[in-house]
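Welcome! Please take a moment to look over the sequence and the 3D view before reading on.

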Amino acid sequence: MCNRNDNRTEGNASRKCLWSKGRALGPRFANSVTRDEEVYITFMKIINKGLKEMYMIQDVWYLEDLTLVDGKDATSDNPHLDLHFQTVYSWEASSTAAKYAFVRSLRKVNKVYLQKDIQFLNFDSDFIQEMNFFGVPEDTLLVIQLC
């Protein structure tokens with residue numbers, strides 16, 4: 001668990017706690033990269049205690065273990081996706097836009113650090129391509145809210 005002032009180095013990994021603006025309302029995903037360029041997908045639970053916000057890490061996966069990302073249905077507006085590691089994990093993002101933003105961030109960190117052949121099924125290809133006109137192209141950190 002980490003609090004707002006907790007940014008420390010442990011072994012090879014530099015752990016950075018992530019904070020959202022405003023009130024935190026639910027679980028979050030984050031992509032992170034260590035100094036050794038290992039890429040992680042982290043699932044965190046947000047704990048609000050009065051004015052303090054804390055993130056408790058629930059699960060961590062290596063991006064290199066991800067084989068398939070299934071968007072469920074490319075033809076409809078849905079926030080559901082499956083992440084295929086050794087086990088399939090089903091998730092519901094807070095919105096379809098959040099789902100696509102998370103998938104774009106996965107593609108970007110994979111392209112920059114791993115160059116692994118991860119399959120992306122059932123996504124509208126127009127929305128999972130890099131969108132250079134949004135934000136800073138070098139940004140690869142994204143936190144999304146899950147229902």
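The report below goes from the overall fold to single residues.

## Ground rules

This is a predicted model, in which local features need pLDDT of at least 70 and side-chain atom pairs count only at pLDDT 80 or more, while totals for chains, interfaces and linings use all residues. Residues are numbered from 1 along each chain as its sequence is written, and side-chain values use heavy atoms, with hydrogens and water left out.

## The overall fold

Let us begin with the whole chain. The protein has 2 helices and 10 strands. Here helices (H or I, at least four residues) and strands (E, at least two) are DSSP runs, numbered from the N terminus. In sequence order, the pattern reads β-β-β-β-β-β-β-β-α-β-α-β.

Of the 147 residues in the protein, 37% are buried. Buried means under 20% relative accessible area, exposed means over 50%, and partly exposed lies in between (1.4 Å probe, protein chains only). The accessible surface of the protein is about 8800 Å², and carbon and sulfur atoms hold 49% of that surface. Such areas come from the Shrake-Rupley method with a 1.4 Å probe; for residues, only the protein chains shown count as cover.

Contacts tell us about the fold as well. A contact means heavy atoms within 4.5 Å. Among the contacts in the protein with a separation of 6 or more, 49% are between residues 24 or more positions apart.

## Charges

Which residues form a negative surface patch? They are Asp36, Glu37, Glu38, Glu64 and Asp65. Patches are made of residues with over 30% relative accessible area and no salt bridge, with like charges joined within 9 Å and nonpolar side chains (Val, Leu, Ile, Met, Phe, Trp, Tyr) within 5 Å. Lys and Arg count as positive and Asp and Glu as negative, while His and the chain ends are not counted. The place of a charge is taken as NZ of Lys, CZ of Arg, CG of Asp or CD of Glu. Glu38 counts as partly exposed because its relative accessibility is 30%.

Side chains of opposite charge can pair when their charged atoms come close. A salt bridge is a side-chain nitrogen of Lys or Arg within 4 Å of a carboxyl oxygen of Asp or Glu. By this rule, the count is 1 salt bridge. Asp82 and Lys72 form a salt bridge, and their closest N and O atoms are 2.8 Å apart. This pair links distant parts of the chain, 10 residues apart: Asp82 belongs to strand E7 (residues 80-84), and Lys72 to the loop between strand E6 (68-70) and E7. Is Asp82 buried or exposed? Asp82 is buried, because its relative accessible area is 7%. Lys72 is partly exposed, with a relative accessible area of 41%.

## Two positive phi angles

Lys72 comes up again for its backbone. Although Lys72 is not a glycine, it has a positive phi of about 75°. Gln115 is not a glycine either, and its phi is positive at about 55°. Gln115 lies in the loop between H1 and strand E9 (119-121). With 55% relative accessibility, Gln115 counts as exposed.

Helix H1 covers residues 96-114, and Ala98 lies in it. Ala98 is buried at 12% relative accessible area, and Ser105 is buried at 7%. Arg107, in contrast, is partly exposed, with a relative accessible area of 27%.

| Pair | Distance along the chain | C-alpha separation |
|---|---|---|
| Ala98 and Pro79 | 19 residues | 7.6 Å |
| Ser105 and Ala30 | 75 residues | 9.4 Å |
| Arg107 and Ile118 | 11 residues | 8.3 Å |

What does Arg107 contact, leaving aside its neighbours within four places in sequence? Arg107 is in contact with Phe120, Ile128 and Gln129.

## A residue in strand E4

Finally, look at Thr42, which is found in strand E4. Thr42 is buried because its relative accessible area is 9%. Not counting residues up to four places away in sequence, Thr42 touches Arg28, Phe29, Ala30, Ser32, Ile57, Asp59 and Val60.
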